[in-house]
Amino acid sequence: MKLLPAALLLLFLAMCIASAEGVKCKCSRKGPKIRFSNVRKLEIKPRYPFCVEEMIIVTLWTRVRGEQQHCLNPKRQNTIRLLKWYRVWKEKGR
């Protein structure tokens with residue numbers, strides 16, 4: 001009889017841990033099309049077991065909205081161009 005409550009408790013704990021890991025994937029929605037001149041910071045985070053693809057997080061700055069963070073789809077052509085542009089821009093020491 002004591003085995004059933006212990007099994008239910010372990011099942012409950014496993015479900016809680018699984019739902020907490022799913023929250024770590026920040027890029028559930030993809031961000032809008034962006035202007036390269038507004039980019040302040042670019043972060044590339046590797047794939048995790050609970051995320052399907054790598055996370056590309058861009059911090060933008062505009063006068064109206066201030067700083068905002070967006071996730072970008074790594075497969076879009078615009079994101080690929082942004083990554084190339086950012087690497088060149090950073091090498092120039094800007």
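Two residues count as being in contact when heavy atoms of theirs lie within 4.5 Å. With that in hand, let's look at this predicted model. Of the contacts in the protein chain with a separation of 6 or more, 46% are between residues 24 or more positions apart.

- The three strands make an open sheet, lined up in the order β1-β2-β3 with antiparallel pairing.
- At the edges sit β1 (39-45) and β3 (66-72), and each of these pairs on one side only.
- Going from one strand to the next, the twist averages 20°.
- As a bit of background, strands of a sheet pair through backbone hydrogen bonds, and they can do so in parallel or antiparallel fashion.

**A closer look at β1 and β2**
- Strand β2 covers residues 55-62, and six bridges join β1 to it, with the two running antiparallel.

- Helix α2 takes up residues 77-91 and lies across β1, β2 and β3.
- Compared with the direction of β1, helix α2 runs at about 110°.

- The protein chain has 94 residues, and 23% of them are buried.

Methods:
Residues are numbered from 1 along each chain as its sequence is written. This is a predicted model: local features need pLDDT of at least 70, side-chain atom pairs count only at pLDDT 80 or more; totals for chains, interfaces and linings use all residues. Side-chain values use heavy atoms; hydrogens and water are left out. Two strands pair if DSSP finds at least two bridges between them. Helices (H or I, at least four residues) and strands (E, at least two) are DSSP runs, numbered from the N terminus. Axes are lines fitted to C-alpha atoms, for helices over the stretch in contact, and angles run from 0 to 180 degrees between N-to-C directions. Buried means under 20% relative accessible area, exposed over 50%, partly exposed in between (1.4 Å probe, protein chains only).
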